[in-house]
Each structure stands twice: as C-alpha cells, then as structure tokens.
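Grab a pencil and work through these exercises one at a time. Try each task on your own before you read the solution under it.

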Amino acid sequence: MYHSPEPKAVATADIISEMTGIPTSVMDELHELRIPTIQPTEEFIRRVGAYLEGFPDPEFEEWAQATERIVGCVRRITNEANGCSIAMVSHGRILTVLFSYLFKRRMTVKEWQSIKLPDLSVIDLEAWTVERGFFSNMNV
C-alpha cells in the first residue's frame, strides 16, 4: 500500500495496514494538489472548482504538472507491482486530476465534492477503467 506523506493519508494507511497486515510505503507524488492554504469556504470551493474545470489559478499547481505527477506515480507503482494488486491512499483533489486523465475530460466541482472522506475506488490499471467505488458509474 502506497500513501501520501501527508498526515491524513499516513493515518489512514496505518489503520488499514494494522487491520490487514499490508505493508505501507510513502510516495511523495501522492501528496495533495498544491494550492495555497485556504480554509474551506465558498471562495475556496469556487476556486478549486474553476481550476478543476479548466480555469488556471496562478496560485495552484499547474494542471499539466499535477497530471504528470499523479499519472507518472501510478504508472511507476503499477510497473513495480509486477501484476500484483496495489492500494494507494491519497487526496480528493489530486485524485480528481487522476480521474480527469482516466476519463479524458475535466471532472466538475460537484464530482470532486462527491468523494467522501474516506472513500474507495477500484481501478483496473491494465485497462485504466474504474471497476468499483466512487466514479465507477462514469466509465466511457
């Protein structure tokens, strides 16, 4: 199980590992989308939503860089797994970038907000399709 170095992801991975015995490994690239530290407010949601839907924000991590980071990380983890199942613990906004890549379209603010805390999605990384969990009803 690979996880972000951020405290919420570490805590979640530790709980799962304790329950299942699955070892964990930190992957820096699984960290949340880099944006300014802003408390969740209507303005925050508006800015994140606009960013996710294609309107650049000079204070946010550049979309192409975020996509390259998360997709590259998932590909590296998959290649290292040699066909074994893997688990990743990350964050809603960067996962929304990953799912935007998977679906070949920008996810909306409502789709981002539909991800629960915690939540689960199962992806077939050979076919790059979502099999179960959040966004599983959206495969193209």
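Helix α2 is followed by G54, whose phi is positive, near 115°. Helices (H or I, at least four residues) and strands (E, at least two) are DSSP runs, numbered from the N terminus. Before going on, note that the model is predicted, so local features need pLDDT of at least 70, side-chain atom pairs count only at pLDDT 80 or more, and totals for chains, interfaces and linings use all residues. Residues are numbered from 1 along each chain as its sequence is written, and side-chain values use heavy atoms, with hydrogens and water left out.

## Exercise 1

**Task.** Find which residues in α2 are buried, and what covers them.

**Solution.** 
- Step 1: Buried means under 20% relative accessible area, exposed over 50%, and partly exposed in between (1.4 Å probe, protein chains only).
- Step 2: go along the helix. The buried residues in α2 are F44, R47, V48, G49, Y51 and L52.
- Step 3: look at the cover. It includes α3, α4 and α5 (109-113).

## Exercise 2

**Task.** Work out whether R47 is buried or exposed, and describe what R47 touches.

**Solution.** 
- Step 1: R47 lies in helix α2.
- Step 2: check the accessibility. R47 has a relative accessible area of 16%, so R47 is buried.
- Step 3: list the contacts (heavy atoms within 4.5 Å). Not counting residues up to four places away in sequence, R47 touches P36, I38, D57, E59 and F60.
- Step 4: pick out the charged partner. The side chains of R47 and D57 meet in a salt bridge (2.8 Å, N to O). R47 sits in helix α2 and D57 in the loop between α2 and α3, so this pair ties together parts that are 10 residues apart in sequence.
- Step 5: name the rule. A salt bridge is a side-chain nitrogen of Lys or Arg within 4 Å of a carboxyl oxygen of Asp or Glu.
- Step 6: widen the view. R47, D57 and E59 are linked in a network of salt bridges, and both R47 and D57 are buried.

## Exercise 3

**Task.** How many salt bridges are there, and where do the partners R76 and E29 lie?

**Solution.** 
- Step 1: recall the idea. Side chains of opposite charge can pair when their charged atoms come close.
- Step 2: take the total. The count comes to 7 salt bridges.
- Step 3: zoom in on one. The side chains of R76 and E29 meet at 2.7 Å, N to O. R76 is in helix α3 and E29 is in the loop between β2 (25-26) and α2 (42-52), so the bridge ties together parts that are 47 residues apart in sequence.
- Step 4: check both ends. R76 is partly exposed at 35% relative accessible area, and E29 is partly exposed at 24%.

## Exercise 4

**Task.** Describe how α3 and α4 pack: what is the angle, and how far apart are the axes?

**Solution.** 
- Step 1: know what to look for. Two packed helices are described by the angle between their axes and the distance between the axes.
- Step 2: set up the axes. They are lines fitted to C-alpha atoms, for helices over the stretch in contact, and angles run from 0 to 180 degrees between N-to-C directions.
- Step 3: read off the values. Helix α3 (residues 63-81) and helix α4 (residues 92-103) pack at about 80°, with their axes 9 Å apart. That makes α3 roughly perpendicular to α4 (under 35 degrees is roughly parallel, over 145 roughly antiparallel, 65 to 115 roughly perpendicular and the rest oblique).
- Step 4: see who meets whom. On the α3 side, W63, A66, T67, R69, I70, V71, V74 and R75 take part, and they meet I94, V97, L98, S100 and Y101 in α4.

## Exercise 5

**Task.** Which backbone oxygens lie close to the polar side-chain atom of S121?

**Solution.** 
- Step 1: S121 is in strand β4 (residues 121-124), and at 17% relative accessibility S121 counts as buried.
- Step 2: read the distances. The backbone oxygen of F134 lies 2.8 Å from a polar atom of the S121 side chain, and that of R132 lies 3.4 Å from a polar atom of the S121 side chain.

Key. A polar contact is a pair of N or O atoms within 3.5 Å; within protein, one must be able to donate a hydrogen and the other to accept it, and residues adjacent in sequence count only if both atoms are side-chain atoms.
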